[in-house]
Amino acid sequence: MDSERILTQLRVEGYALSPSYDDADVVVVNTCGFIDSAVAESLDAIGEAMAENGKVIVTGCLGKRADVIREAHPGVLSISGPQDYASVMDAVHAALPPRHDPFVDLMPAPRLSAEDYASGIKLTPKHYAYLKISEGCNHRCSFCIIPSMRGDLVSRPVDEVLREAERLVHGGVRELLVVSQDTSAYGVDLRYAERSWRGRQYATRMKALCEGLSELDAWVRLHYVYPYPHVDDIIELMVQRRADGQPRLLPYLDIPFQHASPRILKLMKRPGAVERTLERVQSWRAACPELTVRSTFIVGFPGETDAEFEALLDFLDEAQLDRVGAFAYSPVEGAAANALPDPVPEEVKEERLARFMERQAEISAQRLDAKIGSVQRCIVDTIDGELAIARSMADAPEIDGLVQVQDGREAGLVPGEFVDVRIMGSDEHDLYGEVEYNALQSGE
């Protein structure tokens, strides 16, 4: 989203975007600095831009560690941190001053508000968009450096978010993906202040935000939700139906559990009541059987014993999560976890990661197999040959599975269209099916 804001401001100020290094007068590289692999990838991207063009402006999270960038690439023109759009534009102006136009130069240079970017440049397909509701985080997880880069939680006022969402939907967006570092904590820094939207008062709070978003004609998908008790209230919206029979809020929760050992969770400085977490997930599923739960985990955290890893596998078996991502622990410069004793050897971390993903693949395959014969409401992403590549309500873009609609081209499907699909088969990650023409009429 930071890249979209920069691109939009550049276009507003009259700059043209170049498809290649050769045609560009200056290159802006937006970086990530969360984990070591992302740092390496960002430095490689800067190096490529320097080699191909030579005039490079660096921004983003890695900009907080300017010494690392300068050491690797001393010739970059400018370095700024995340969300520092003004510094990026100042660097662009210095490297490539705007062309003089006597008819408009007397007017102040436009600076777009957060809401204005809703109608600006999007890097995602037209039919879905990420909706950032806050920046920063109040947690101090020992493996994470996001607070040091982005600061404490800063929530956007609820009316600002709802107006941006409304503009996106009016512009053709059919799916809104709500993102933040901690969606459950939304509004706590603003003391849940009330704001007006469409003639009604809404608190700057997760439930009120979801109530407002559910009034729009779009899928609403929640990411990075901590399993706090008040999430129970959100499940009610997932159970409620619109006039067309579809859920008001997608029955989907992205909850980063990270581990299942109370001791490891304590070392991570994460909530550690594993049994309570399981009970909560089970109660959510009882209230909303359609609910999809996705999560992420870290294996090989410093001090993780064989028994604690086995407990993590047992948690997978019991929780039966629908979608899971995982990575082997990697030290991040500046993270408190680096100082913990008993690091797990690299070969052990990789072996545990492989076992973890194999166990989850079995669970995923079984859960997807249970959907064979059902009709799933899907959104079409692309057309590939005779297939339409779509996603069900259970699938977020880029991180979850797909639904391959075998007769998608024959049915005349187009990206951004909703379609009911009769599921004919599955594998560990994806579903396969055909258009169900009579699903709405038959009430299935």
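## About the model

The structure is a predicted model, in which local features need pLDDT of at least 70 and side-chain atom pairs count only at pLDDT 80 or more, while totals for chains, interfaces and linings use all residues. Residues are numbered from 1 along each chain as its sequence is written, and side-chain values use heavy atoms, with hydrogens and water left out.

## Domains

Let's start with the overall layout. The domain assignment, which is automatic or taken from a database, gives domain 1 (2-95), domain 2 (114-370) and domain 3 (374-435). Between the C-alpha centres of domain 1 and domain 3 there are 36 Å.

UniProt, where annotations may be inferred rather than shown by experiment, has an unreviewed entry that places "domain: TRAM" at residues 369-437. That span is 1% helix and 48% strand, and its end C-alpha atoms lie 22 Å apart. Here helices (H or I, at least four residues) and strands (E, at least two) are DSSP runs, numbered from the N terminus.

## The annotated cysteines

The unreviewed UniProt entry also gives a "binding site" annotation covering Cys137, Cys141 and Cys144. Cys137 sits in the loop between strand S5 (134-135) and helix H5 (146-150), and Cys141 is found in the loop between S5 and H5.

Buried means under 20% relative accessible area, exposed over 50%, and partly exposed in between (1.4 Å probe, protein chains only). Cys137 is buried at 8%, and Cys141 is buried at 9%. Contact means heavy atoms within 4.5 Å. Leaving aside neighbours within four places in sequence, Cys137 touches Pro147, Gly151, Asp152, Leu153 and Gln181, whereas Cys141 meets Tyr226, Met268, Lys269 and Arg270.

## The nonpolar core

A nonpolar core is a set of buried Ala, Val, Leu, Ile, Met, Phe, Trp, Tyr and Cys residues joined through side-chain atoms within 4.5 Å. The largest one here has 74 residues, and Leu213 and Leu253 have the most contacts inside it. Beyond its neighbours within four places in sequence, Leu253 has contacts that include Leu222, Val225, Ile235, Met238 and Trp284.

## A helix and a hairpin

In helix H4 (residues 85-95), the residues Tyr85, Val88, Met89, Ala91 and Val92 are buried. Seen down the axis of H4, they fall within an arc of 160 degrees, so they line one face of the helix; the arc is that of the directions from the helix axis to the C-beta atoms.

Strands S8 (residues 194-197) and S9 (residues 200-203) run antiparallel and are joined by four bridges; strands pair if DSSP finds at least two bridges between them. Trp197 has Arg200 in S9 as its bridge partner. The two strands form a hairpin with two residues between them, and Arg198 in the turn has a positive phi of about 55 degrees.
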